[in-house]
Amino acid sequence: MPDVDETTITIILPDGSTQTHPAGTTGREIAEGIGAGLARDALAIKVNGEVRDLDRPLEEDAEIAILTWDDEEGKETFWHSSAHLMAEALQELYPEVKFTIGPPIDQGFYYDVDLGDQTLSADELEEIEEKMLELARRDVAYERHEVSKEDAVRHYEEEGNEYKLELIEDLEEGEISFYTQGEFTDLCRGPHIPSTGDIKAPKLLSVAGAYWRGDETNPQLTRIYGISFPKQKQLEDFLERRRLAKERDHRKLGKELDLFTFDTDQVGPGLPMWLPKGTTLRETLRDFLREEQLKQGYKPVTTPHIGRLDLYRTSGHYPYYKEDQFPPMIFDEGGEEGEEEGYLLKPMNCPHHVKIYQNDHHSYRDLPVRLAEFGTVYRHEQTGELGGLTRVRGFTQDDAHIFCTPEQVKDEFIDVIDLTIGVLDALDFEEFEAQISLRDPADKDKYVGRDALWDRAEQAIRDAVAETDLDAREEIGEAAFYGPKLDFMVEDALGREWQLGTIQVDYNLPERFELTYVDEHDERKRPVMIHRAPFGSLERFIGVLIEHCGGNFPAWLAPTQVQVIPVGDDFVDYAEEVAATLRAEDVRVEIDRSDETVGYKIREAETQKIPYMLVVGGREAEDGTVSVRSHAGGQQDTVSVDTFLSRVQDDLRPAFAGTT
RNA sequence: GCUGACGUAGCUCAACUGGUAGAGCAGCGCACUUGUAAUGCGCAGGUUGGCGGUUCGAGUCCGCUCGUCAGCUCCA
């Protein structure tokens, strides 16, 4: 070890090796010491866990890592700097622009700006993009300077930028810095990449409105989304991936595969109509879950689509959530004294299920009572929220309500988690996230139910999650007002996260409806209610499922499992025979009787993503065989119908992967 | 609900600055009778989302409205 004195520092690299350098050495110098390639790719440096500019001098011993495009933090820095570059371009093109914030995001960056009355179209985005490239080619450094709060305030008072002034208010003296590249200076904590020249391939993707600080009472700003890369090829790959993702969009596949349709004019927006093929898919999925639930002790119930307003007054849904419901059917306005009377389309199934629970007296020996219904509900979602099957106004929940004692909550939760994971596994959803939504202890007025019950429920969820090895993140303040919950989230083709399955503890409804059971000491007790839906809703689940498998459903779910293709008219009779044999074994089979070539019929079946195609002609009719082609594996071989059946038997039945 | 873009045949998309709305696929008909991803020919298909305005003339320009998409906000 060399002597260590005040002017020498020791750094530890990610591989554990150490180096000594004079104090004041920069990240860039260290990178150059390691290799020219790394120095060229270096974007920033991580010092004791903190990402910094490459050119900031190191004054103390530290663990460091040189960050490049291959590091998440390197990308973030790159995109943040790209946001500054876009801002500079905007400043040149629109001198009146006021900047607010411009952070990196998962895939790229955005900048929220106040453009006054100016709007931006696709053409203008291109123009900004051009300007960015022009500025990037000047290859100027991002320079950091620390400024006093007073100077920072003066700077933005002169510019008349109230947004930045508001941001500065929240900052402490001594932690304020500006970054400048070329003619553009921005309030910014940093860090940044060394130079604008590193940004070779910027692309502006879209423009949208966004509220200042995410509050809809604040002014609306223009948000410009973009992405950028160090190499042109990477941008091309990104655009290609995005194009492929759009191919998997369930709205596109839903049309192509004849699964569902909308008539927004006459039926209404957000009200999907399921075509025969989509309905087959939907009912297969429903039956799969229903059978599993019956095995697990759920009791099926059926309830009407409407209920009196009084039901929802008791539940608290009316009039509290009036805005989110279709307007009630009023048949008596009520007048001065009385309340209005009428019916409401049900926004959820729980009030009806509560009434079914109340149909009987319950002993602790009966509990848990598990009532299940694929119940269709209607919610008047905001117009801007509707989209495909993932956000609709009429949808069917795979709903069930479990009425149990407080002691039973944990075990019931474990069973539901197992059921949900089993369902997701059976459909090959490996990438899902679980989120435990807890109340915000600082804002207890928002929630109903006693503290002790909440604590107990939150702990029960944590314990249940721990016992199932589920990897769940906790989110404070995300609980429903009536209880904590566990949600299962899955991404769609465009990377948007959707809540599918949900398990929620509810103390509110048992209270409002004064539910009881009699315990072992002959005392009346309040049961706890658990709402749960492994799919969430069939609509959203199927929407995400379509994107997940790109329309290539597992054979057991495919609307048509087998397509029989006679090579000519003469062999339609034999095709009928084959189909009848398969149909007798509950295979969903169709015959292509069209007056087309074999090539055409194959193509047709392939584009419809039918799992198995059986080509039959003279040879097959003679031998009692079929020529098998699979969507997944192409042309296979010629076998007897029985051989084919036994081969695909397992494929055509769902396999529940749960632990029960 | 807010911001922006968009709305042409069942589907995918054309139609320069305003000048008679086109094509491919799908559909129907005829011929062909087919061997593993598109046989050929023909026919039909439209109040250019809706209402109003400007104009000699509107798919194209303007206003309103409905809807779709992206994002924001919301999400019992």
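In the largest pocket of this predicted model, β27 gives the largest share of the lining, five residues. As for what a pocket is, picture a 1 Å grid over the protein atoms alone: a pocket is an open set of points where a 1.4 Å probe fits, with protein on both sides within 12 Å along at least five of seven lines, and lining residues have an atom within 4 Å of a point.

Let's look around that pocket. Its lining takes in 43 residues, and Met 348, Arg 379, Tyr 482, Lys 485 and Gln 504 lie nearest the centre. At least two lining residues come from each of β23 (394–404), β27 (497–506), α14 (508–512) and β30 (528–533). The volume is about 1,400 Å³.

Now for the second largest pocket, with about 1,000 Å³ of space. Here 25 residues form the lining, and Gln 107, Arg 242, Leu 494, Gly 495 and Arg 496 are closest to the centre. Two or more of the lining residues come from each of β10 (108–114), β14 (201–211), β15 (220–229) and α7 (232–247). The largest share, six residues, belongs to α7.

A word on the ground rules: residues are numbered from 1 along each chain as its sequence is written, and chains are lettered from A and ligands numbered from 1 in the order written. Local features need pLDDT of at least 70 and side-chain atom pairs pLDDT 80 or more, while totals for chains, interfaces and linings use all residues, and side-chain values use heavy atoms, without hydrogens and water.

Methods: Points joined across faces, edges and corners; volume = space filled by probe spheres on them. Helix = DSSP H or I, 4+ residues; strand = E, 2+ residues; numbered from the N terminus.
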